[in-house]
Amino acid sequence: MNIRQKVVAIVAALFVVLIALEIFVQERVLMPSFAELERSDAQTSMTRVQLALNRTLDGLESIANDWSDWGELYQFMQDRNSAFITTYTSVSAMAPLKVNMLMLLDINGNVVFSSARDLESGNPIDIDFAGQKVLAHDFPWRTNLSAGQPAQGLVRTNLGVMMLVAVPILDGTGAGRPRGMALMGRLFSSKQLDTIGVQAQVPLFMSDVGNTPSHEEISETDTATTVYRPYDDIYGRPLMYLHIEVPRNITARGHIAVNYSLWYLVGAAITVLILLLVTLNRLILSPIARVTRHAVAVGERGDLTARLNFRGTDEISRLAGEFDRMVESVAQSRRQLVDQSYQAGFAELAKGVMHNLGNAMTPLGVRLSVLSGRVANAPLADIEWAAAEFESGAADEVERRADLVNFIRLGCRELAATLLGAKGDIAAMERQTSIIAATLADQLVNTRNEAVLESVRLPDVVSQALDIVPDTCRQTIVIDADESLRAVGSITVERTVLRLILQNLIINAADAVRATGRDKGALHIAAEIFREDDSEQLHLECRDNGIGIEAQNLQRVFEKGFSTKSRETNHGIGLHWCANAIHSMGGRIWAVSEGAGRGASMHLVLPIGKRQIPAERLEMET
Ligand SMILES: Nc1ncnc2c1ncn2[C@@H]1O[C@H](COP(=O)(O)OP(=O)(O)OP(=O)(O)O)[C@@H](O)[C@H]1O
Ligand SMILES: [Mg+2]
């Protein structure tokens, strides 16, 4: 599992736990508290129903009070005049009272007058309660009758539940001894039920006593909370139930709010995850992945030229910077190592060459000393002396002159013999020198049997080559490195050999510039990669603005010993060595020039990336 997957897993797990916690809190704390709130709201509504019912009964009682505290009625209860009945209990007289039943009782409970009517039509109706002639002896309000106390309550009739109030009949001033009791009843019709429901602001229903419990009870469905309240009649017997159904709006709203918060949490989780991933990716994971890829590539391919080049000041950028610095110092050490091993190789080679040269030089030295002895012993002085005496005419005698001629003849013969010997010596010395030259050439070709391939960038190799040319060349030649050198990137070549080839080309270019009489010139170096025979090739062009090469010499410049420079300083070996070195690497070299005075270009083609340098070989070579 990589870091990205781990972080995502941890954060996702965290959010899953949070969401589970939120669901738990919703189910166990929030929703139950909403339900509790709903129940208490339903109970409050039921209390409002109770208050509305009480108000209705109070209203009925106060109507009854107004009516019964009346002089005419007080008089009627004494003399029973029929005029009162006809005048004051007619339909029109009773209509404002909005009562279905009126009963007048004397102080003993005998029914003096009773009537029952329909409220709408005013027609008489048959209510069993109104049919009593005398109050039953167990009628609960008998004490109220004797004490002149009002009472209110509910009774069951043949036409349903009826609200009933009883008030004392007084003389119209609210005083005097009660002369009985007026009972007024209003049927608990569905209209009445609706009116109370409207007052309590809740849908109200009435049901008969059945199996429902004897005390207030609450039941809940998914959509509504129902509160049942039982009512007894004035005898204390179960009479009816009023119940209300309160829609569970609070729970529904609660559900919506809770769902919103859940989705908010899920949304926040997804957003945080995405943000975290993007931020992690940008700031940490991508850079780390880059550093890791880079480190693996350096480890696997041994390419020490690539750099991370992170900008920024955060920890990863600093780590990358340190890594680059480390790779640079490893690259530098490796370069030094290879250079040293190359130099060591050179030293070893030089030892061999010296040995061979020494072997070849010994006979050369012997020949030289023989030649020198021969020349030293040649009778040149004697011949010159004899010749001078002969020419001066000092020797007059014929005999003396003949001796001189003979002496000169013998001297010349000896001189001829010396010359002949010297000729033989010179021929032998020529043979020796050609053996030395052949030894040297052999060494040059055989030197490069151990190739060390390195991953390099061309601008670096050019600057390394510039480091090892003589100061005078550096002062003469300005290197104009083309952008293509950088664009080619990192390539695998024999760096030390390429560096030496470039060194030769830079020195030649400096010589060519000086040959024009100028002391400043430029060497433009450009590169390109192309494919040939299914392998990648590097094409390097080094163009100077020096003296140029004549057309007939374009091939010859690569010949061993071909040089147009002073024999004392140059031996015509540089380009020959370059050509040999390039051929042994599987490449080629050629010269292009538009003629004398028009500059020259050296073209090199080298196969690249043929193989990687194994680390253990480097170690062996050191
Ligand atoms: N850039 C150049 N411009 C003009 N002529 C060149 C250039 N490079 C080489 N030549 C010619 O090619 C000849 C051979 O070059 P080469 O490097 O092999 O030998 P050299 O420079 O003369 O001597 P050495 O390199 O052995 O010191 C040079 O003498 C010169 O005439
Ligand atoms: Mg040269």
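Helices here are DSSP runs of H or I with at least four residues, numbered from the N terminus. With that in hand, let's work through this predicted model.

**Exercise 1.** Find the helix that holds Phe 24, and decide whether Phe 24 is buried, partly exposed or exposed.

*Solution.* Start with the position: Phe 24 belongs to helix 1, which spans residues 3–68. Next, take the cut-offs: buried is under 20% relative accessible area and exposed is over 50%, with partly exposed in between. Phe 24 has 49% relative accessibility, so it counts as partly exposed.

**Exercise 2.** Work out how the buried residues of helix 2 are arranged around its axis, and what they pack against.

*Solution.* First list them: in helix 2 (residues 71–79), Leu 73, Tyr 74, Phe 76 and Met 77 are buried. Viewed down the axis, these residues fall within an arc of 160 degrees, so they line one face of the helix. Their packing partners are helix 1, helix 3 (82–88), strand 1 (101–105) and strand 2 (111–116). Just past the end of helix 2, Arg 80 adopts a positive phi of about 55 degrees.

**Exercise 3.** Identify the residues that touch the most other members of the largest nonpolar core, and the element that gives the most to it.

*Solution.* The core has 47 residues, and Leu 458, Leu 498, Ile 501 and Leu 540 touch the most other members. Helix 14 is the top contributor to this core, with 10 residues. Now zoom in on Leu 540: beyond its neighbours within four places in sequence, its contacts include Leu 458, Leu 498 and Met 602. A second, separate core of 41 residues has Leu 53, Trp 67, Leu 73 and Leu 154 among its members.

Key:
Residues numbered from 1 in each chain as written. Chains lettered and ligands numbered in written order. Predicted model: local features only at pLDDT ≥ 70, side-chain atom pairs only at ≥ 80, totals over all residues. Heavy atoms only, no water. Helix = DSSP H or I, 4+ residues; strand = E, 2+ residues; numbered from the N terminus. Buried < 20%, exposed > 50% of the residue type's maximum accessible area, 1.4 Å probe, protein only. Arc of directions from axis to C-beta. Contact = heavy atoms within 4.5 Å. Core = buried A, V, L, I, M, F, W, Y, C linked by side-chain atoms within 4.5 Å.
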